[in-house]
Amino acid sequence: MYNLLKGKRGIIFGALDENSIAWKTAERVHEEGGKFVLTNAPVAMRMGQIKNLAEKTGSEIIPADATNMDDLQNLVTKAMEILGGKLDFVLHSIGMSVNVRKNIPYTESNYVNTEKGWDVSALSFHKVCQVLYKNDAMNEWGSIVALTYMAAQRTFPDYNDMADNKAYLESIARSFGYFFGKDKKVRVNTISQSPTATTAGQGVKGFDGFIAYADAMSPLGNATAQDCANYTVSLFSDLTRKVTMQNLFHDGGFSNTGVSNEVIERFTK
Ligand SMILES: NC(=O)c1ccc[n+]([C@@H]2O[C@H](COP(=O)([O-])OP(=O)(O)OC[C@H]3O[C@@H](n4cnc5c(N)ncnc54)[C@H](O)[C@@H]3O)[C@@H](O)[C@H]2O)c1
C-alpha cells in the first residue's frame, strides 16, 4: 500500500457483487486511503450485496439510476455533504444492453432496447459528467474514469450493440475531457479492460471462449478485475495528472497483438 489516495474523496458507481470491477476498485481505493460514496441503481441494490462493501470500507450508499438527472443531482449534493467537500475521483463502471439480455442478434436490434442500453451504458456518462461540471463538484486535478471494451474499435460479433455504446462512451470521455481540462483542470479517461468474469461480462454469448481466447492472445495474459482496480487507483492518484481524453488499453497486450504462438498452434496441422 502506498497511501496514493490519502485525503481524496470520490464516488464509485457500479459495485453489484464481489466480482464487479467497481467492487475491487472500492476495496483498493479504501486501502490507499481514499474515502467515497458507493452508488448503484435502486433495483440493483435490492439484489446486490453492496451493504457488505459499504461496511467493509466505511462508506455510505446513495442509490441513483445513472440515467436520471434528479438522482444524479441528489447523489452529487449528498456525496459532497457526507465526504465534507468537493470530489477528487469518480468511477463510472456501468453497462447493460437489453438486446444482449434478451439474446436478440445485432442484425435484429429492437430499437427501444437499443436506446435503453445506450442511455444506461453510454449517455449516463455524459449525464454524470454534466452534473459534476455544473455543480463544480470536482477539485482541480481530479480524475473521472469510465470502463470500456475494445469492441469499440474492432468487431466482436457477440458483443452486439454494446460495441456501439462503448464507442459512444469513449467519445464522451474525449469531448467532455476537453471542457473539464480547460475549465476545471480535471482529467477524463476510459480504461479498455480485458474480458473479465463478472455479471455484466457473463451476459455476452460464448463468454468462456471469449475470455480464454483473449488470454491466449495476450502476452501478459488477461488483466483481472483486481489488476483493473490497481490501474484505476493509479489514474485517480496525483501520479497521472497530465493523462486525459485517452482510451487506455488495459489488456495484457491483446490490443496490439496480431496473433500469438498459442493461437497459431491450435491451427497448425
Ligand atoms: N466484464 C467484462 O468483461 C468487461 C470488460 C471491459 C469493460 N467492462 C465494463 O466494466 C464496467 C463494469 O462492469 P462489470 O464487468 O464489473 O459488471 P457488473 O455487472 O458487476 O457491473 C455493471 C454495473 O452496472 C450497474 N448498472 C446497470 N444499470 C444501471 C443504472 N441504470 N444506473 C446505475 N448503475 C447501473 C449494475 O447494477 C452493475 O453494478 C461496465 O462498463 C462494463 O461494460 C467489463
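I began with contact range in the protein chain. Two residues are in contact if their C-beta atoms, placed from the backbone, lie within 7 Å. Among contacts between residues at least 6 apart in sequence, 74% join residues at least 24 apart.

A note on the source: this is a predicted model, so I kept to its limits, with pLDDT of at least 70 for local features, pLDDT 80 or more for side-chain atom pairs, and all residues for totals over chains, interfaces and linings. Residues are numbered from 1 along each chain as its sequence is written.

**Overall fold**

I looked up the secondary structure and found 11 helices and 7 strands in the protein chain. These are DSSP runs, numbered from the N terminus: helices are H or I with at least four residues, strands are E with at least two. The C-alpha trace spans about 65 × 45 × 40 Å along its principal axes. I checked the radius of gyration (over C-alpha atoms; the globule rule is 2.2 Å times the number of residues to the power 0.38). The chain has 18 Å, which agrees with the value near 18 Å for a compact globule of 269 residues. Next came burial: buried means 20 or more other C-beta atoms within 10 Å of a residue's own, exposed 12 or fewer, partly exposed in between, with C-beta atoms placed from the backbone. Of the 269 residues, 45% count as buried.

**Recorded positions**

I turned to UniProt. Its unreviewed entry lists G14, S20, I21, I94 and K166 under "binding site".

I21 lies in helix α1. I21 counts as buried because it has 27 C-beta neighbours inside 10 Å. Beyond four places in sequence, I21 contacts S93, L147, Q193, T196, T198, A225 and C228.

I94 sits in the loop between β4 (87-92) and α5 (98-101). With 25 C-beta neighbours inside 10 Å, I94 also counts as buried. Leaving out residues up to four places away, I94 touches F13, G14, A66, V120, S121 and S124.

**D71**

Last, I looked at D71, in helix α4 (residues 69-83). D71 is partly exposed, since 19 other C-beta atoms lie within 10 Å. D71 and N19 are 52 residues apart in sequence and 25 Å apart in space, C-alpha to C-alpha.

Conventions: UniProt positions are given in the numbering used here, feature names are shortened, and annotations may be inferred rather than shown by experiment.
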